[in-house]
Amino acid sequence: MQILVIDDEQRVIDEICEFLKRTGHQAVGILNPTDGLALLKQGSFDILILDVKMPEISGIEFLSQIKPEFPELDVIIISGHGDMETVIDAMRAGAADYLKKPFRHQELRLAMERTQQIHQLKSEINRLTEHNTLISQELFKRIEHQMVGNSPEIKHVIDLAMKASAYSDLPVLITGESGTGKEIIARLIHHASERKAHNFLGINCSAIPENMLESEFFGYKRGAFTGALSDRKGFFEYSDQGTLFLDELADMPMILQSKLLRVLEDKVITKLGLDRPIPVNVRIISATNHDLTKYISEGRFRLDLLHRINTFQIHIPPLRERKSDIPLIAQHYIQKLCIQYGKPLCTLHYEALAKLLEYSFPGNVRELKNLIERAILIANSSVLLPEYFPLDAETLNHTNEVRSTLPVAQTKNYNLDSNETYLVNEAMQATDNNQTKAAELLGISRHALIRKLKHINS
């Protein structure tokens with residue numbers, strides 16, 4: 001490893017560099033941060049060992065300044081002041097490890113080993129990302145998410161998304177179960193399209209109170225109603241020339257559905273308190289995990305709106321239908337979360353992987369990530385054992401816990417509406433009618449639960 005040591009004491013520099021060279025590394029020592037920065041720009045260093053207390057600038061301030069320019073540089077902070085506040089500040093600034101002076105050679109050796117592991121993890125993640133990510137690195141940076149996998153099913157989804165992105169005005173409907181990555185696909189379509197330089201705005205249609213829907217979507221003028229103290233742009237105006245992503249579209253109230261249809265047809269909006277229409281140029285991408293044709297037959301969704309938004313449909317298969325992606329996704333999150341929590345790189349025991357491959361994953365990729373995260377946090381070794389994944393016990397997701405209480409006769413009833421009513425009532429009883437907790441159990445928002453309760457009681 002190429003290592004730079006910055007400390008204002010020559011004795012400390014000599015001792016550290018001598019030890020590092022004896023252990024097979026190449027080390028250079030500098031007495032001040034200014035010269036150290038110049039050397040960083042000239043050379044290619046893997047690790048920086050940095051003192052906290054220095055005359056020119058503190059090590060933590062120096063670290064905060066250089067980290068954006070050298071994001072791959074791993075830093076070990078050393079200080080004679082080992083208080084917890086200094087440690088926390090160092091980690092927040094981007095340090096990989098911390099040593100309190102005076103330290104023994106063995107402590108430095110262990111710190112180097114930990115930092116080397118982190119360095120190797122980053123390199124491995126970069127390699128796996130290039131190999132398994134189905135979208136370019138440039139696009140990945142813009143959408144801030146990865147679609148990991150190599151199954152034919154997920155490759156087909158990406159292919160459809162890229163085709164949709166070529167037509168910047170094309171409305172797209174994304175369907176799939178909760179946790180499959182519908183918003184990631186929506187962001188991919190936007191950032192691969194001609195609209196990428198403009199706003200992408202994601203809205204959860206079930207999370208907005210009904211009395212605020214019109215003002216949130218269309219905006220208002222100052223004085224339009226009590227409390228309107230200044231002009232405000234709505235979602236459509238904010239997304240002008242860009243993309244508006246409507247998640248959980250099935251939960252949109254009927255009154256707003258008709259207004260949305262009018263905007264899609266006329267491409268104008270009318271703010272509250274303003275008489276003249278405002279032209280808008282917005283691409284609509286919608287998503288739902290419900291059967292909209294069923295909602296139409298029940299009078300809960302407009303057929304003409306479905307025809308408008310469903311010009312191009314992309315269905316994301318659930319994880320249980322593309323199980324060949326599970327090992328890749330699991331490995332991706334293991335490496336990412338080990339770095340996030342400062343843990344040594346973990347490996348997945350083959351029996352644990354077999355257990356995951358047998359599981360149906362009702363929560364899809366989101367659930368797999370949560371299971372990996374829990375296993376890493378409770379692991380006592382670098383191997384994630386089968387017992388860390390009690391998929392048939394108390395750690396099943398909340399929806400499964402509720403469904404497991406269904407009597408045999410009820411589980412044989414495949415009517416969605418009656419089963420939904422049963423599950424909602426069970427969740428309300430299990431939480432003593434606490435709507436927030438019941439919504440969490442059901443995996444929906446509180447506002448969506450309130451609407452379902454109104455529908456059940458109507």
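1. Strands are DSSP runs of E with at least two residues, helices are DSSP runs of H or I with at least four, and both are numbered from the N terminus. S8 and S11 run parallel and are joined by four bridges; two strands pair if DSSP finds at least two bridges between them. Please keep in mind that this is a predicted model, in which local features need pLDDT of at least 70, side-chain atom pairs count only at pLDDT 80 or more, and totals for chains, interfaces and linings use all residues. Residues are numbered from 1 along each chain as its sequence is written, and side-chain values use heavy atoms, with hydrogens and water left out.

2. S11 also has a link to S6: four bridges connect these two strands, which run parallel. Thr 175 has Thr 288 of S11 as its bridge partner.

3. How many of the six residues of strand S11 are buried? Six of the six are, so this strand (residues 283-288) is largely enclosed by the rest of the structure. Here buried means under 20% relative accessible area, exposed over 50%, and partly exposed in between (1.4 Å probe, protein chains only). Arg 283, Ile 285 and Ala 287 point one way from S11, while Ile 284, Ser 286 and Thr 288 point the other way, and all are buried.

4. Strand S1 (residues 2-6) is mostly covered too, with four of its five residues buried. Its partner is strand S2 (residues 26-30), and the two pair in the parallel sense over five bridges.

5. Next, the cores. The largest nonpolar core has 32 residues, and Phe 217, Phe 236, Leu 244 and Leu 246 have the most contacts inside it. (Such a core is a set of buried Ala, Val, Leu, Ile, Met, Phe, Trp, Tyr and Cys residues joined through side-chain atoms within 4.5 Å.) At least two residues each come from S7, helix H9 (213-218), helix H10 (235-238), strand S8 (243-247), helix H11 (254-266), helix H12 (292-297) and helix H13 (303-309). H11 gives the most, with five residues.

6. A second, separate core of 26 residues includes Ile 326, Ala 330, Leu 371 and Ala 375.

7. What about charged pairs? Side chains of opposite charge can pair when their charged atoms come close. The whole structure holds 19 salt bridges, each being a side-chain nitrogen of Lys or Arg within 4 Å of a carboxyl oxygen of Asp or Glu. One of them joins Lys 101 and Asp 51 at 3.3 Å, N to O. Lys 101 sits in the loop between strand S5 (97-100) and helix H5 (105-132) and Asp 51 in strand S3 (residues 47-51), so this pair ties together parts that are 50 residues apart in sequence. Both ends are buried: Lys 101 has a relative accessible area of 16%, and Asp 51 one of 3%.

8. A second salt bridge links Asp 169 with Arg 195 (2.5 Å, N to O). Asp 169 belongs to the loop between helix H7 (152-165) and strand S6 (172-175) and Arg 195 to the loop between helix H8 (182-191) and strand S7 (200-204), so the pair ties together parts that are 26 residues apart in sequence. Which end is buried and which exposed? Asp 169 is exposed, at 55% relative accessibility, while Arg 195 is buried, at 5%.

9. Asp 325 and Arg 322 also meet in a salt bridge, at 3.1 Å, N to O, and both are buried. Elsewhere, salt bridges with shared partners join Asp 7, Glu 9, Arg 11, Glu 15, Asp 51 and Lys 101 into one network.

10. Last, the overall picture. The protein chain has 21 helices and 14 strands, and 47% of its 458 residues count as buried. Of the contacts between residues at least 6 apart in sequence, 69% join residues at least 24 apart. The chain exposes about 23000 Å², with carbon and sulfur atoms supplying 50% of it; accessible areas come from the Shrake-Rupley method with a 1.4 Å probe, and for residues only the protein chains shown count as cover.

Technical notes
Contact means heavy atoms within 4.5 Å.
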